[in-house]
Amino acid sequence: MSAKFSIALQNYVNVTGSLKAALESSAAKIYLYSGPVPASADEAIDAGSTLLATIGAGAAHTDALTFEAASSNGVLTKTAAETWAGVVAASGTATFLRLCVGADTGSAAAGAADYRVQDTVGEDASYGLQLTSAALVAGNTQAIDVFQILN
């Protein structure tokens with residue numbers, strides 16, 4: 001499955017600037033959810049979905065995520081030297097992620113200025129984010145060592 005962009009993010013990339021600039025514009029974080037994958041990045045998540053973990057950068061996992069300065073083969077890649085991780089808040093199997101900018105956590109329907117990327121999560125290369133185990137356990141730290149967005 002390929003990543004899905006919110007309408008606001010698509011509009012920004014079409015007219016204003018790069019995907020990298022949009023995602024680095026204001027404290028981007030990744031939110032890992034269990035439950036059914038929404039049809040679009042603009043939809044509110046299903047009531048049966050659970051926020052499992054919030055992923056940020058830095059030692060305390062609270063810094064904004066950043067991306068490499070150069071893109072290769074149309075792929076935007078996480079900054080290699082940066083540590084992306086977060087403490088798992090609830091146990092469950094991660095099925096999708098939302099990378100959101102600013103105060104947006106991706107749970108409600110997207111607003112006109114909400115930059116979001118949505119993708120699937122699983123344990124093999126057919127998923128947008130491949131984890132060693134998609135079964136997350138509360139209290140554990142979940143790291144993301146490789147993250148790429150093909151646009």
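This is a predicted model: local features need pLDDT of at least 70, side-chain atom pairs count only at pLDDT 80 or more; totals for chains, interfaces and linings use all residues.
A search of the whole structure finds four aromatic pairs. In one of them, tyrosine 33 and phenylalanine 96, the ring centres are 5.2 Å apart and the planes meet at 10°, so the pair is classed as stacked, the limit for that class being under 30 degrees. Tyrosine 33 belongs to strand β2 (residues 29–34) and phenylalanine 96 to strand β7 (residues 96–100); the contact therefore ties together parts that are 63 residues apart in sequence.

Another pair is formed by phenylalanine 67 and tryptophan 84, with ring centres 5.6 Å apart. The planes of phenylalanine 67 and tryptophan 84 stand at 85°, so this pair is edge-to-face, a class that requires an angle over 60 degrees. Phenylalanine 67 is located in the loop between β3 (50–57) and β4 (75–77), whereas tryptophan 84 is in strand β5 (residues 84–87). The two residues are 17 apart in the chain, and their pairing links distant parts of it. Phenylalanine 67 has a relative accessible area of 3% and is buried; tryptophan 84, at 1% relative accessibility, also counts as buried.

Methods:
Residues are numbered from 1 along each chain as its sequence is written. Side-chain values use heavy atoms; hydrogens and water are left out. Rings of Phe, Tyr and Trp (its six-membered ring) pair if their centres lie within 6.5 Å; planes under 30 degrees apart count as stacked, over 60 as edge-to-face and the rest as tilted. Helices (H or I, at least four residues) and strands (E, at least two) are DSSP runs, numbered from the N terminus. Buried means under 20% relative accessible area, exposed over 50%, partly exposed in between (1.4 Å probe, protein chains only).
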